[in-house]
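I set out to record what I looked up in this structure, entry by entry. The notes begin with the ligand and then turn to the strands.

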Amino acid sequence: MTAAAQPCRAADSVLAMSFEIRTLLREQIPACRQALAAGFGYDSDPDDEAATERFDAIFGTERAFPAFDGNEIVGTGSDLELNLTVPGGAQVPMSGLTIITVRPTHTRQGVLTAMMREHVDRARKRGEPLGGLWASEVPIYGRFGYGPATLMHGIKFDARLAGRGGSEPGVTVRLAGGDEAETVLPQLYNRAMKTRPGMYKRSEDWWKYRLFHDPEKHRDGASALRHAVAERNGEPIGYVTYRQKASWDLLSEGELRIRELIPVDDAAYRALWHYAANIDLFPIVKYWSNPVDDPLPLIMRDGRTVVTTDYSDGLWVRLIDVADALVKRSYSGTGSVVISIADQFCPWNEGTYRLVIDDGTAACEKVAAEPDVAMDVNTLGAMYLGGRDAVSFARAGRIEGDAAAVARFGTLFRSSPAPWCPEIF
Ligand SMILES: CC(C)(COP(=O)(O)OP(=O)(O)OC[C@H]1O[C@@H](n2cnc3c(N)ncnc32)[C@H](O)[C@@H]1OP(=O)(O)O)[C@@H](O)C(=O)NCCC(=O)NCCS
């Protein structure tokens, strides 16, 4: 990789500083880790070789695009080589934007904008039609063509009220130790991943250094991670990974904090939730990211007590190559729609596309025709995985078109199950 950008300078600010996007060298990783920590407000020890190794294994240097002011790293950014499951089950190359920070001394001078330019231009050259990210704050990424494509619920329930004691015929659940979990969990995840738009395959290093790396400082006073595996006839069919946080008052009010619950079928799903609701001394069950179409209240005795504690966006998607991305997913039914796309940041996408769908499979071409619906590319990104409601976007003024055309567009794009991304990257 070569140094990629022209030196940039914010023109109209007394605080203006120069910066340029450069290659990240292996020996600069400690400084990059320091800059990242400064951006997200935690402490990092530059001499921690193990942390440098983990960073190198997870993010590497090849795809990084840090911003330098002289010899100082003032912006951190990279993207991960991911393959996103889209409606229909195809895995589509996605450039997963990550570790984005700008030093407080250099914000609002275009550093992020320059890094975003690198991100989309490089992804386009590599032939990755999608970009993906998790946003720390909503207002940051819409201007760069990203829209929130998966949603999630934070949930909480008291199993003493919601219902303890359920079980799933034919399915048993048992605890798996570290070594076994390291083999079985990735296999189960890879099976589940193919059935849920919004999930993507994790690399071996990701499993090792992100999922199974479990230092005390990540536990927030709770236990180490536990892994419980559901089985049918001795065959693993799902898992739940969680921590326990004991709490003693008049009664035991311990918390079970679920990190991820990944079933490969519905029986495994029910068995894992029954297991989670049945752990003595830990009746308060919390899950930070439950799919929005999750039927949990329906399997508990008192579903009303399963409380949604927050409702949030998850994975944001950007179509870096609109036509290529559109033909890679499948659709609901048969029909056609002509879509006008505005895309200031990636002008090669601007134009009008005719999408012709035959029994779920799409053909797409740029046309000089009157559009049925018109939108910014960030709205198309939000709609892409099939989990958002076109009529709501139209009511919000973000999709133009008559009501029938908006409804047709929305019906074709709708997908089930709801897209869901279980992991922040
Ligand atoms: C978010 C962050 C990376 C922005 O970097 P930056 O270099 O200041 O961004 P830019 O100067 O390129 O800003 C581009 C535009 O986005 C706007 N913008 C940037 N960050 C914004 C924010 N947090 N909220 C609202 N608008 C923001 C700018 O005002 C600017 O708008 P304009 O073009 O209309 O003037 C930086 O504030 C940061 O490091 N924040 C803390 C870490 C973080 O949240 N990282 C993101 C992880 S997903």
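Which of the 18 residues around the ligand come nearest? I looked this up in the model, which is predicted, and found that T107, V111, L112, T113 and S136 do. I then asked which elements give two or more residues to the shell, and noted α1 (29-40), β5 (91-102) and α3 (111-126). By residue class, I recorded 8 nonpolar, 7 polar and 3 charged residues in the shell around the ligand.

Next entry: strand β8. I found that β8 (residues 151-158) runs antiparallel to β14 (residues 307-313), with 6 bridges joining them. Strand β13 (residues 284-291) is likewise joined to β8 by 6 bridges, in the antiparallel sense.

Next entry: an open sheet. I traced 5 strands in the order β18-β17-β16-β19-β20, and the pairing is mixed. At the edges I noted β18 (361-366) and β20 (399-400), each of which pairs on one side only. I looked up how β20 is held, and found that β19 (residues 373-376) pairs with β20 in the antiparallel sense over 2 bridges. In β20, E400 is the bridge partner of A374.

Last entry: what packs on this sheet? I found helix α12 (residues 403-413) there, touching β16 (335-342), β17 (351-358), β19 and β20. The direction of α12 makes about 100° with that of β16.

Definitions and conventions:
Residues are numbered from 1 along each chain as its sequence is written. This is a predicted model: local features need pLDDT of at least 70, side-chain atom pairs count only at pLDDT 80 or more; totals for chains, interfaces and linings use all residues. Two strands pair if DSSP finds at least two bridges between them. Helices (H or I, at least four residues) and strands (E, at least two) are DSSP runs, numbered from the N terminus. Two residues are in contact if their C-beta atoms, placed from the backbone, lie within 7 Å. Axes are lines fitted to C-alpha atoms, for helices over the stretch in contact, and angles run from 0 to 180 degrees between N-to-C directions. A residue is near a molecule or strand if its C-beta atom, placed from the backbone, lies within 6 Å of it. Ala, Val, Leu, Ile, Met, Phe, Trp, Tyr, Cys and Pro count as nonpolar, Asp, Glu, Lys and Arg as charged, and the others, Gly among them, as polar.
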